[in-house]
Amino acid sequence: MEQLKLPPIDYGALLPMLILFGAACLGVLVEVVVPRRARNAVQLSLALLSVVASLVAVVLERGTRTITIGGAVAVDGPTLFLQGSILVLGGVSLMLIGERSIERGGVFVSQAAVTAGSQKDAQQAGGQPGATEVYPLSVFALGGMLLFVAANDLLTMFVALEVFSLPLYLLCALARRRRLLSQEAALKYFLLGSYASAFFLFGVAFIYGFAGGIQLSVVHEAVANPQRSQVLLYVGLGMVAIGLLFKAALAPFHVWTPDVYQGAPTPVTAFMAACTKVAAFGALLRVLYVAFEGVRWDFQPVLGGIAVLTMFVGAVLAVTQTDLKRLLAYSSIANAGYLMVGVLALNDEGLSSTMFYLVAYGFSVLAAFAIISLVRDPDGEATHLSKWAGIGRKSPLLAGIFTFILLAFAGIPLTSGFTSKFAVFGAAVEGGQTWLVIFGVITSMLLAFPYLRVVVLMWLSEPGESTPAVSIPGFLTSAVLGLGVLVTVALGVVPAPLIDLTREAAQFVR
Amino acid sequence: MEHTFAPATGVLSNIWLLVAIPLASATILLLLGKRADRWGHWLGVASVAASFVLGLIFFLNLSGLDAAKRSAELSLWDFIVVGDLKVDFGLLFDPLAGVFVLLITGVGSLIHLYAVGYMEHDPGRRKFFAYFNLFVSAMLLLVLGNNYVMLYFGWEGVGLASYLLISFWYTRPSAATAGKKAFLMNRVGDAGLAIGIFLMFTELGTTQYDGVFNGVDKLAAGTVLAMGILLLLGACGKSGQFPLQAWLPDAMEGPTPVSALIHAATMVTAGVYLIARSNPIFSANETLQLIVVSIGAVTLLMGCLIGAAKDDIKRVLAWSTVSQIGYMFLGVGLGGGAYALAIVHLLAHGFFKANMFLGAGSVMHGMHDQVDIRRFGGLSKHMKITWLTFGTGWLAIIGIPPLSGFFSKEPIIAAAFEGEGWQPWVFGGAALLGAGLTGFYMTRLFVLTFHGPARWTEDNKHPHESPAIMTIPLILLAIGSVAAGGLMASTVPDWLTPVLGEHGEEHATVLPHVVLQILGIVIPVIGAGLAWALFRNGTALEPEPAGVLVTAARRNLYTDAFNEAVFERPGVYLTRALVFLDNKGIDGVVNGIAAGIGGGSGRLRRLQTGFVRSYALSMLTGAMLVVGAFLAIQLGWLA
């Protein structure tokens, strides 16, 4: 019997992920060992440190182009760029998660198991410090995302998908206020997420049946020289795509997004809007570009149709929203459509411009949710649009920042929103997908309307009696806001350096 | 003709200051907030005036250069590089941009000055000046960009500023609706422009002016036509031309200085600028030119007809703007030498229309914001300066020699009569008829406002002249209305030759030139005389039932009803359908009954609208569609 041989492992290339998983395990131990009072500070520092260390490891590995542990993980330009993006955006999200000065005890519940609405719940809502488990959970999720964008076979990808999804389901349920809403959101996300995962896994089985392997390069070979029925390939591709489209929130697999964005604690929403998007599109790019590039003519129209549908659903439904978090959820759906336009360019420009878009959008959306977390009334965050009327009179600085971010979402020139849309549309034109660009332009014109309506509401309406107070942001939230605005301006005015970086990174290994 | 631009050197390398100064002022006013309330408006005026002085210096510098090298291109930095496309963050100061800069900053300074007085009692005056400066900066960027993407930047910027300024008096629901309408109609145009720019990028690989213009010859006729129509769509949206004209009159809900600067003198002429700037594209295709001319002719007649039926002083002026821009479109559509004629008319119009809008503002200032001309009358005795300045604008727009309008409009009418076949008769006839109608409705406006018996309402016993800070700009603009046309008609066409090409040989007109010139004076005078005779003794205080044509004109020739039926209602239905599908559709079909019975208390506690089972079902449907589509492709059902 042949002896089972351990495949060679490039630990350097895996270091960013190993650091995060190690730190997350350590975080679980901290829960046990460190006294309650000091826990928050220790956990937050540990999480941020691990992210920074992991980012340093990514930067050190920036030249690496390799496939390791038996073909399960590919570390190449896109992997490193996307991992870096996830880490940077994740670090910023952690700062939001760690903010404790806006509300006594932070936005997370202290004991998630207490029945919502009970006496005990009222007590803990009063100000017991929030659960610190959120930090290891977030770090686990980040680690899973890093693996997700690096996964070079479909099973590893599935495992990574679950690794980052499970903590997210939990995080969604941990809101201190409006706990029923939060729990409902988490349950919905969990059920639908599992449903989508099942599709993904089933698709992997079909692909295995078709290609006789699950490594992306094997699939690529099989697509080029098909040995078995192509029906297996197309059914498999469709189902794998569905699993990824779900995470990326593309229509008609977007249905969970508004409810979950609305119900989840705002820092978690921000985390999902920024980081999950990067991870999902990172994996989608890899699967489509590396494994299925050979059938591009077949999937381009189908996924193109999905992109168009997504842009329309996001843009049109954003107009009808009256809750800011839901409005941003639909906006994030529409943005997923624009990202898809970039993906479907299926050329190097498509890859680089999509990566650019992910970073630009991530920073803007983090700043947007940071602002939402600041506008509060006695029931917690005041997310209904009517409450934002005239807020520009009460706190012009905050309203000014939010206006700027909304203008960026609307794609007004000299913000990153314009450059990033321009880049993906330009790439799609190069890739011969002009029809997608036409729909993209039309919907982005539509989508500007809800944003500008909020702007007018904030500045040109009379503040009502119920206009909530705006909390003074703590250091962490201020830092997030500052960063978000800075990056949105910088990428809007001088996008060239980051675009160059994405172009250098835009080469998959197979 | 090979299109090249000389790089900016010497003084001209500072042209970026033109855009930067108003932008800096706007930023300061917005950031300082209430602290700047006391002096903010003066900063606003000073920044535009500074841009005007600089613009003048640059203009004189440019005129000192050789005619062949009369341009200054300044590349600030590489903006975006996607694939083969390189977009430059660059500016271009050439004769065309030069005259626009002077118009925007010159007329802009006067209107800013006027606004200091007009907005004196408004608590939001500082914010108003911030938006106003923002507008000037964006407008300058629009005319100074050296490629279509920069133009688009300015285009979006002026749209944004216009939206904010129309909605400025948020307390009026009509202002909010008007802002929305302006926004949506402009978006239709903007989408056209954006797609047009992407088309350039696909076909020519560049959006720089020189690259695009040099590449046009190599394109297929159909491509040029498509590109031109898309740009034209943008131009129609911004300039309030048919079929996107409906927003402009409603935009009068904003403060009057806004109407004067944005919706009369500058922003609404951006469409004319776009076409004149893109003259190599438009001249390359005759069908395209015919479309532009037709739009101009239709719009100019439409504006006249509706303008004659309106009673709101600002709306009459607004429809008059629509109609006058129609003349400019007619001019740029005719091509050749008429490009320059259209620009001359644009500049002259900038003076006399700004003059009349500010005059209307002055009347409103003295009459407690009354806007109904049926409620004016006899104001010439009480507001002498406004009466005289408005009078120059009135004579200028009608085209009475030797005022501005005569020199700028008559040549366009004559040019419309050039050529052979049916076209000169139709377009020339429309232009001439429009001139007669212009005489009629402007005289109606003038006489009903300033002459005849007073028909004031109870609370308007004591009309008064406006303060000096408002009348001085009026006087200056009146001087412009008298003199600008004659001066520019003789100089500007030559000045613009490097951009718009040679005039070419004179084409024969279908009627002798002398006859046209006489008709061009006589017909407006007949129109004006008719109006004078009809309205000399005032008019009824309320609109009276009238014939079919007047009723139609009062209702904007039913274009609003058309828009509502064709665009608005389907949009509403689409939205409703999507909301329905997204929230209830599938659930409603499959689980409706179950939910109705079994919901009970659970429904009351439900916080979100969606059921997870219906979400799952919609995902399943989607999944079946996706997989089905793949299979269909694979089996060759969908080619």
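Contact here means heavy atoms within 4.5 Å. This is a predicted model, in which local features need pLDDT of at least 70, side-chain atom pairs count only at pLDDT 80 or more, and totals for chains, interfaces and linings use all residues. Residues are numbered from 1 along each chain as its sequence is written, and side-chain values use heavy atoms, without hydrogens or water.

**View 1. The interface of chain B and chain A.** On chain B, 58 residues are in contact with 76 residues of chain A. The two chains bury about 6,100 Å² between them, 78% of it on carbon and sulfur atoms. Buried area is the accessible area (1.4 Å probe) lost by two parts on being put together, summed over both. Three residue pairs, both at pLDDT 80 or more, are in polar contact across the interface (N or O atoms within 3.5 Å; within protein, one able to donate a hydrogen and the other to accept it; residues adjacent in sequence count only through side-chain atoms on both sides).

**View 2. The side of chain B that touches chain A.** Elements that each supply at least two residues include β1 (72–82), α6 (173–204) and α22 (559–598). Helix α24(B) gives the most, with 15 residues. Helices are DSSP runs of H or I, at least four residues; strands are runs of E, at least two.

**View 3. Ser481(B) in its helix.** Ser481(B) sits in helix α19 (residues 468–500) of chain B. Its relative accessibility is 0%, so Ser481(B) counts as buried (under 20% relative accessible area, 1.4 Å probe, protein chains only). Beyond neighbours within four places in sequence, Ser481(B) contacts residues including Phe351(B), Asn355(B), Thr392(B) and Leu403(B).

Notes. Chains are lettered from A and ligands numbered from 1 in the order in which they are written. Buried means under 20% relative accessible area, exposed over 50%, partly exposed in between (1.4 Å probe, protein chains only).
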